[in-house]
Amino acid sequence: MTTTTDLVSYEDALASYDPVMGLEVHVELGTRTKMFCGCSTELGAEPNSQTCPTCLGMPGSLPVVNATGVESAIKIGLALHCEIAEWCRFARKNYFYPDMPKNFQTSQYDEPIAFNGYLDVQLEDGEVFRVEIERAHMEEDTGKSTHVGGATGRIHGALHSLLDYNRAGIPLIEIVTKPIEGAGERAPEVARAYVAELRELIKALGVSEARMEMGQMRCDVNLSLMPKGAEKFGTRSETKNVNSLRSVERAARFEIQRHAAVLSSGGTIIQETRHFHEDTGSTTSGRVKEEAEDYRYFPEPDLVPVAPSREWVEELRAGLPEQPLARRNRLREEWGVSAHDMQSILNAGAIDTIVATIEAGADAASARKWWMGELARSANESGKSLEDLSITPAQVARVTELVSSGDLNDKLARQVIEGVLAGEGTPDEVVEKRGLKVVSDEGALTAAVDEAIAGNPGVAEKIRGGKVAAAGALVGAVMKATRGQADAARVKELILEKLGVSEG
Ligand SMILES: [Zn+2]
């Protein structure tokens, strides 16, 4: 295995070559039971407690297709503008691997349930790029192996391996693009935008939570280069199981630079799978890639073909949600934000939480401000996603309400949010427990203002002389005296009033 790789600069690579990508995304469906048996798909159970003779591949056991799995596959196909097969079969993909107890994976081969579609994705500058979809097919996940001992966590060098078959048989949909050409230097950005858009679509359909950090959605990045002006694709590499949007972009970028280095020095690209490494942003060689014939596909004899009626397909089509890109464009208008801001909101996974916060009574600007500011920061620090924070959209809406009614200022609101996140209760309970109301008692404020003026005679003199800007120092003194619990605008008014100066 090579540990160091020579690269050429990204710019030089793109000056000589055109990248061609193919993206294969696996989505774990959120069905209650597995694809071909009644075992639970619930996460976090004892290893091997959610298995049965069928998903363990015992002789004589018979699989049955999960109808919800088929329905989800059709919904995904329709949302990707695909044609839906009138009749299709499952196929056995034969290969031996310890995490696959049947020694074959039940998949689909030349008869996918959905084919010939597209997904429009929006790039950072607002430009829309159409990614053509080759197919979406149904299959099942493998079990999970844990290699114990050894430094890398991979099988080489491990002392022994543990196998958990709870995941074996969980429904997967594999979505395969046609070759993506013509993206040029933006190929890595297109890859990222495609996976981001697909994730939004899957979530909108409600067929999976599509959480990449939990492996519910993972992307294989196929990449090849061809010399500028050439028509024949180069040999591709396949970087497997990339599991974040950022990593998808980095993996594509790295492979462009690596391929260019190999080709420019007269070398040949080997068709192989590669592993992506988060820490270095690089890929290393995996195994030499099998061709389809190595898998000896044949139709699965134990399952009846899937023949969805046209009525059912049309019913599912009629029930599709608004396309995420169209929805974002609509929300962008409603919220009055730029394309770039909307992109940040999308990347932060904040669209649904902001929508829910607005529905709970907040105005758009405030909802956006808190989720993209304070809460995004907090999520980042704790390595959580926004929806995992222990604050609800309704609670954030309540905080914005307290701010707009003048009961809280921003500084106090931040403390309230901090309290809610720390488990101290609802916003109102935190306000109560921490004593965090804005001091609106004019008597107390006036006393604090008098004190600040008396304590800073020089500043007061300047203000009297017309230097209104100097009032900031006195406002600061009052805010300090009230532990930040005064309304700064009102304090300034009082100071100017006392000193007989009018603003402006
Ligand atoms: Zn089972």
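I began with pockets, on a 1 Å grid over the protein atoms alone: a pocket is an open set of points with protein on both sides within 12 Å along at least five of seven lines, where a cavity is a set in which a 1.4 Å probe fits but cannot get out; lining residues have an atom within 4 Å of a point. Grid points are joined across faces, edges and corners, and a volume is the space filled by probe spheres set on the points.

**Ground rules.** I am working with a predicted model, where local features need pLDDT of at least 70, side-chain atom pairs count only at pLDDT 80 or more, and totals for chains, interfaces and linings use all residues. Residues are numbered from 1 along each chain as its sequence is written, and side-chain values use heavy atoms, with hydrogens and water left out.

**Second largest pocket.** I looked up its volume, which is about 740 Å³. I then listed its lining, which has 25 residues; Arg 199, Asn 347, Ala 348, Lys 384 and Ser 385 are the closest to the pocket's centre. Which helices supply at least two residues each of this lining? I found helix H3 (187-205), helix H4 (245-264) and helix H9 (364-382). H9 gives the largest share, 4 residues. Helices here are DSSP runs of H or I with at least four residues, strands are runs of E with at least two, and both are numbered from the N terminus.

**Whole chain.** I noted 16 helices and 14 strands. The C-alpha trace spans about 90 × 55 × 50 Å along its principal axes. The chain has 504 residues, and 47% of them count as buried. Buried means under 20% relative accessible area, exposed means over 50%, and partly exposed lies in between (1.4 Å probe, protein chains only).

**Domains.** I have domain 1 at 10-310, domain 2 at 323-434 and domain 3 at 442-499. These bounds come from an automatic or database domain assignment. Taken over C-alpha atoms, the centres of domain 2 and domain 3 are 32 Å apart.

**Zinc site.** Which atoms coordinate the zinc ion? I found the SG atoms of Cys 37, Cys 39, Cys 52 and Cys 55, at 2.3 to 2.4 Å. Donors are N, O and S atoms within 2.8 Å of the metal (3.2 Å for Na, K and Ca); water is not among the atoms, so sites may look incomplete. Along the chain the donors follow the spacing C-x1-C-x12-C-x2-C. The 4 donor atoms subtend angles of 100 to 114° around the zinc ion, so the arrangement is tetrahedral. For four donors that term requires all angles to lie between 85 and 135 degrees. I checked burial too: Cys 37 and Cys 39 are both buried.

**Nine-stranded sheet.** I traced an open sheet of 9 strands in the order E2-E5-E6-E9-E1-E10-E11-E12-E13, with mixed pairing. Strand E2 (83-84) and strand E13 (282-288) are its edge strands, each pairing on one side only. Two strands pair if DSSP finds at least two bridges between them. Strand E6 (residues 128-140) and strand E9 (residues 171-177) run antiparallel and are joined by 7 bridges. In that pair, His 137 stands opposite Glu 174 of E9.

**Three-stranded sheet.** I also traced an open sheet of 3 strands, ordered E4-E3-E14, with antiparallel pairing. Strand E4 (104-107) and strand E14 (298-299) stand at the edges with a single partner strand each, so one side of each has no neighbour in the sheet. Strand E3 (residues 91-94) is joined to E4 by 4 bridges. Ala 91 has Ser 107 of E4 as its bridge partner, and Asn 94 stands opposite Phe 104. On the E14 side, 2 bridges join E3 to its antiparallel partner. There, Arg 92 is bridged to Phe 298.

Are the two faces of E3 covered or open? I found both covered: Ala 91 and Lys 93 on one side, and Arg 92 and Asn 94 on the other, are all buried. In a regular strand the side chains alternate between the two faces of the sheet.

**Positive phi.** Most residues other than glycine have a negative phi. I looked up two residues with positive values. Asn 103 has phi near 65° and is found in the loop between E3 and E4. Its relative accessible area is 35%, so Asn 103 is partly exposed. His 81 has phi near 60° and lies in the loop between helix H2 (67-79) and E2. His 81 also counts as partly exposed, because its relative accessibility is 33%.

Methods. Tetrahedral: all angles 85-135°; square planar, octahedral: opposite > 155°, others 65-115°.
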